[in-house]
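Trainee: I am new to this structure and would like to go through it with you step by step. Could we begin once it is in view?

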Amino acid sequence: MITKRLSDILVNEYGIDKDALSEANRLRIEQNTTLSEVLLRKKLVSEPQLLGVYADIYDMPIANKLPVEGVDTWFARLVPISFLKKYAMVPVCTETDIIELEEILPAKENGRRRVIALSDPSAFQPIDDLAKILEIDDYELVLAPRDAIYSLINLAYDSSRDTAQQLVADMEENGGDIITEIEETADLLDDTSDAPIIKLVNHVISQSAKIGASDIHIEPEQYSFKIRYRVDGILYDMLTPPKWMQSSLVSRIKVVAKMNIAEKRLPQDGRFEVKIGDQNIDIRVSTIPITHGERVVLRLLNKSGNLFRLPDLGMEQRKLTLINELIHSSHGIVLVTGPTGSGKTTTLYAILSSINSPDINIITIEDPVEYQLKGVSQIQVNPKINLTFARGLRSIVRQDPDVILIGEMRDLETAEIGVQSALTGHLVFSTLHTNDSASAITRLVDLGIEPFLISSSVLAVVAQRLVRVLCDECKASYTPEPEALQRLGLETLTEEDTVFYKARKCEKCFHSGYRGRVGIYEILVLNDKLQQMVLKTYDSHQLKKEAVASGMTTLYQDGVQKVLQGVTTIEEVLRVTQT
């Protein structure tokens with residue numbers, strides 16, 4: 001009866017075709033699912049429309065937001081996460097007022113209410129089953145969007161999981177019960193296996209992703225091994241489990257990364273993807289054999305994160321204007337330089353995003369392709385089939401590109417094709433591993449590129465580093481010693497001129513004093529004078545001296561500006577610029 005009434009409303013009020021609705025009902029029975037699931041999947045109706053229909057039929061309120069703070073997650077220990085996700089429902093129970101729900105539910109005298117939020121109230125049996133499992137009789141039902149329900153489910157199960165230390169302690173007590181073989185699941189939070197090693201690996205990955213770590217290191221020592229994670233460029237210790245767990249832990253990671261678990265004498269590379277709640281994490285795995293076992297590094301790449309735009313990178317307005325002029329040139333090479341992990345790829349993706357439009361053809365060759373850019377053709381380097389940068393580039397130039405991105409100029413052949421592309425009317429972006437902008441010219445000459453070709457093709461070199469940003473919650477102002485100001489070249493500043501800040505520690509920043517990172521930049525533009533200099537000398541010191549005389553601000557000077565703005569600390573700038 002309810003299904004018939006739902007169908008009538010969808011046909012009469014929302015104009016859904018009767019045949020399409022009949023097909024949806026057939027699929028509902030065939031696939032043993034709900035009608036709403038089929039309707040949403042086939043995009044016959046939007047979720048807000050469907051919730052509105054259910055609200056009318058069942059006389060239930062709609063909560064567009066669900067509480068995420070102060071919610072009791074007791075149910076996570078009693079109900080499998082797969083059950084709640086299958087039926088898109090979640091219990092909500094709190095000691096305090098539920099601001100998001102109090103406005104839509106009748107007043108409650110004792111202030112505590114048990115609520116079940118769900119997206120499809122036609123699933124009567126699962127609702128009853130949930131109430132029985134939780135042993136609750138008095139509860140209220142509210143409608144909520146699936147995204148809000150899934151977010152609360154993931155938050156509850158993530159926060160209720162055992163800590164890594166507890167898992168290690170349990171494993172030490174039950175070492176003989178270790179199980180290492182299990183199939184990979186689509187969602188890491190859905191893996192409810194009791195195998196301790198699997199739980200430990202899942203927990204380490206999920207917690208690292210939660211705090212925004214870029215890498216996880218597993219480092220064998222003689223009598224133990226360390227698990228560390230890198231956050232904002234700095235390594236922190238996570239765990240030091242006993243030595244006997246090392247082999248099982250590494251084997252588990254190699255299994256899911258589809259690596260050869262029997263080969264422990266040679267370096268290996270692998271990858272796998274996990275889904276942690278609503279985040280898609282791509283994980284690159286690298287192993288090398290060292291004295292005390294295999295050393296493993298997992299590189300975490302959150303593919304669900306939004307790409308940065310140029311204004312988000314931390315450039316001052318003058319540099320931002322200059323970059324915008326350079327990247328809209330008709331031809332030439334723009335190089336981005338810096339050590340590994342300095343944000344070069346992020347900068348290049350931000351550049352491509354800003355110039356990407358239907359009227360230009362952009363093709364990239366990368367190792368690896370880190371983010372999918374809509375409207376951009378991206379090639380993944382694959383040495384196993386001899387698809388190298390050079391071979392891919394030779395094919396790219398026959399594809400009529402306007403803009404070419406080369407992941408890295410690693411050798412003479414790649415650099416030569418890049419230079420020739422720039423000289424024949426293409427705009428080329430690429431990276432180099434050098435310490436500053438002027439050193440990029442020296443590096444190109446070292447690769448074998450003639451100086452006259454460099455001066456004719458290279459438009460500019462952008463050097464960059466990442467400095468950690470002070471935590472707003474706990475940073476403290478102070479007055480530096482005169483000697484410190486003198487070392488920074490700021491001896492003319494007075495206490496009234498600016499306020500300096502130093503890092504402290506709090507829960508919000510995981511006791512590091514910093515939250516997030518921002519770029520510092522120097523942009524060397526090859527003007528006429530520098531082009532003439534390149535023909536005579538490629539000494540990086542002389543080139544940099546001339547660039548500074550022409551108005552270039554160095555990495556160090558840009559970093560000092562960030563210090564004066566209260567963004568970061570003196571120590572952080574000195575650390576990354578090595579001054």
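Mentor: Before we start, one term is needed: two strands pair if DSSP finds at least two bridges between them. Please also keep in mind that this is a predicted model.

Trainee: In strand 9, which residue is the bridge partner of I216?

Mentor: Strand 4, residues 215-220, and strand 9, residues 293-302, run antiparallel and are joined by 4 bridges. Along this pairing D215 stands opposite R299 in strand 9. For I216, the bridge partner in strand 9 is L298.

Trainee: Which residue of strand 5 stands opposite H217?

Mentor: On this side, strand 4 is joined to strand 5 by a hairpin that passes through 4 residues. The two strands pair in the antiparallel sense over 6 bridges. In strand 5, the residue opposite H217 is R228.

Trainee: In what order do the 6 strands of the open sheet stand, and which strands are at its edges?

Mentor: The pairing in this open sheet is antiparallel, and its order is 6-5-4-9-8-7. Neighbouring strands are turned by 25° against each other on average, with direction ignored. Each edge strand has a single partner strand, so one side of it is left without a neighbour in the sheet; the strands at the edges are strand 6 (234-239) and strand 7 (268-276).

Trainee: How many residues of strand 4 are buried, and which of them point one way or the other?

Mentor: In a regular strand the side chains alternate between the two faces of the sheet. Here D215, H217 and E219 point one way from strand 4, whereas I216, I218 and P220 point the other way, and all are buried. Strand 4 is thus mostly covered, and its count of buried residues is 6 of 6.

Trainee: At about what angle to strand 7 does helix 10 run?

Mentor: Helix 10, residues 196-210, lies across strand 4, strand 5, strand 6, strand 7, strand 8 and strand 9. Relative to strand 7, helix 10 runs at about 75°.

Trainee: How are helix 19 and helix 20 turned relative to each other, roughly parallel or roughly antiparallel?

Mentor: Two packed helices are described by the angle between their axes and the distance between the axes. Helix 19 (residues 528-536) and helix 20 (residues 540-549) pack at an angle of about 170°, with axes 10 Å apart. Since angles over 145 degrees count this way, helix 19 is, relative to helix 20, roughly antiparallel.

Trainee: Is G392 buried or exposed?

Mentor: G392 lies in helix 14, residues 389-396, and, leaving aside neighbours within four places in sequence, G392 is in contact with I365 and L387. Because a residue under 20% relative accessible area counts as buried, the 2% of G392 makes this residue buried.

Trainee: Which element has the lowest mean pLDDT, and which the highest?

Mentor: For the protein as a whole the mean pLDDT is 83, and 85% of the residues reach 70 or more. Over residues 173-186, however, the pLDDT is below 50. Among the elements, the lowest mean pLDDT, 54, belongs to helix 6 (residues 99-102), and the highest, 96, to strand 10 (residues 332-337).

Note on methods
Residues numbered from 1 in each chain as written. Predicted model: local features only at pLDDT ≥ 70, side-chain atom pairs only at ≥ 80, totals over all residues. Heavy atoms only, no water. Axes fitted to C-alpha atoms, helices over the stretch in contact; angles between N-to-C directions. Contact = heavy atoms within 4.5 Å. Buried < 20%, exposed > 50% of the residue type's maximum accessible area, 1.4 Å probe, protein only. pLDDT = per-residue confidence, 0-100. Parallel < 35°, antiparallel > 145°, perpendicular 65-115°, else oblique.
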